[in-house]
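Subject: A structure for you to look at

Hello,

I am passing a structure on to you, and I hope you enjoy exploring it. Please open it first, and then read on.

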Amino acid sequence: MKLPPSVDPAAGVAGVENILLQPPEEKIQRSLFGEILDWMLAPLLLLWPMSIAITYLVAKSIANQPFDRALEDKVLVLSQQVKASESLTIGPLNKIARDILRADDLDNLFFQLRSNGTIIDGDKEIPLPDEEDKPANGGIQLRTFNLHGIDLRVAYAYVERRIGATHESQQILIQVGETLEKRAVLANEIIKGVVLPQFIILPVALALVWFALSRGLSPLAELQQRIRLRRPDDLSPIDARSVPEEITPLVTSLNDMLARVALTIDSQKRFIADAAHQMKTPLAGMRMQSELALRQTDQAEIHRSLLQLSTSSEAATRLINQLLTMARAENQSSASQARELINLNELAMHTVRDWIPASFAKKIDLGFEQPDFAINLFAYPVMLREMLSNLIDNAIRYTPSGHSVTVRVALNEEQALALLEVEDNGPGIVEAERERVFQRFYRILGSNVQGSGLGLAIVREIVQQHAAHIVISDNPNHQDSDFPGCTFRIAFPLKPFEDASERSS
């Protein structure tokens, strides 16, 4: 492994540790306004020099066109004079033709008449055009070349001239060229006319962009002010109608978060209120029992008070544990525990084993039934054990001694459901009470069984977390007509859990 360049090899492990122990670089907070401004102005400032260069090229092209046409016209005039000449030989141009060519006082104009390699008139320095650039008979061609450090623009044409009555032909090369001063002046004037206004328009455009961005981002500042002015306990949703369409998803997500926070706070408030209400009675009883034991002198009475105190403390401990379980079940979505692929048969069997001592103590036959094959679920194993434990505990509490409680695992292949059933031989639950027993702290009158009324509420909460469904019905296998018993049947959908496990693998 190679050490970073900043690490001295002689430092050894200590140098590497110093590098690894360095705190991570803090992320620089960036301004949305500055980010948008950068992305708008940076391309603008890059494109502006390009636009000037393109404007210069276009201006040169525009400036060349009229002067090129003027050169072509001069070549055309000379070619007509050459064709109209009736003499056997072509001599120097007359004064009128020279005045036409030299009428321009800004550019230096050059011309040349050449026949069969011999210069008839004009400037000798103008070279012959390349053979491949030779135009068709009567056509006019343009070219640019450098002559003694000066750029020239030349128009040239080959003219066929008939000589006398013999109709012999003579080819005359006519070349007319000029320097580029006029073209440069016109191109500069065009550039000035285009670029100079840009120096005025660009700052105005920058100011307008700045103003537009400030106005466009003002709803964010208003939203920030509205949120800042809220009371700490105000978790009502933010009105999304008063914000731009682009900010609506942000406001919607914020409202969803506020709703979750409100739900969590309500759950905490409900937990605190329930805990305070339910703990008041057992704590008061424990205090009375302890005071009574302190006033007693008889050892038997003291022992009896301590037994009552021990029983009350066990009830208070169970109540606290159930309240904590209820709170954990309600906040399972925010817990760190993840769902796992579990074997429902093994989980149910191990849970039943944990309750065998309690069933022996009450002389209840606790049985377990399962199929020959494994039934797998993608679930929260801790919550599932807690749910089944509450159902078994509830069944043992309400089933008289000498009767039985059965836990059963089954599979409904037609509906793709995993079934978990707990049957007891207790007093049963009438249909009018079957929905209410899942409410917190609700207990059926006349049951004469100690409890807090939280066990079935915890069961329903865990069932809902697993997208399952729980139903209470009569026990078809009851042993005594006076104790019809009941069956708690929980149906877990298999397909969602199987799909989730396949995705995770």
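Predicted model: local features only at pLDDT ≥ 70, side-chain atom pairs only at ≥ 80, totals over all residues.

The protein chain contains 11 helices and 12 strands. Of its 505 residues, 35% are buried. Its accessible surface is about 31400 Å², and carbon and sulfur atoms account for 57% of that. If you take the contacts between residues at least 6 apart in sequence, 65% of them join residues at least 24 apart.

With a relative accessible area of 18%, V209 counts as buried because the cut-off is under 20%. Setting aside residues up to four places away in sequence, V209 touches L37 and M40. M40 is 169 residues away from V209 along the chain, yet their C-alpha atoms are separated by 8.5 Å.

Next, have a look at Q175 in strand 5 (residues 168-179). Its relative accessible area is 0%, so Q175 is buried. Which side chain does the side chain of Q175 meet in a polar contact? The partner is the side chain of R143, at 2.4 Å. R143 is also one of the residues in contact with Q175 once neighbours within four places in sequence are left aside; others include F110, F111, Q112, I126 and P127, as well as V154, A155 and Y156.

In soluble globular proteins, nonpolar side chains tend to be buried together. Here the largest nonpolar core has 42 residues, and M387, F488 and F492 have the most contacts inside it. The elements that give two or more residues to this core include helix 7 (344-354), helix 9 (381-398), helix 10 (455-465) and strand 12 (486-493). Helix 9 gives the most, with eight residues.

F488 is worth a visit of its own. Leaving out neighbours within four places in sequence, F488 is in contact with a list of residues that includes L391, L420, V422, I429, F438, L456, I470, V471 and I472. N394, E421 and D424 are also among the contacts of F488. There is also a second, separate core of 14 residues, with V75, V82, L109 and V159 among them.

Happy exploring, and do write back with any questions.

Best wishes

Key
Residues numbered from 1 in each chain as written. Heavy atoms only, no water. Helix = DSSP H or I, 4+ residues; strand = E, 2+ residues; numbered from the N terminus. Buried < 20%, exposed > 50% of the residue type's maximum accessible area, 1.4 Å probe, protein only. Contact = heavy atoms within 4.5 Å. Areas by Shrake-Rupley, 256 points an atom, 1.4 Å probe, with all protein chains shown as cover. Polar contact = N/O pair within 3.5 Å; in protein donor to acceptor, adjacent residues only side chain to side chain. Core = buried A, V, L, I, M, F, W, Y, C linked by side-chain atoms within 4.5 Å.
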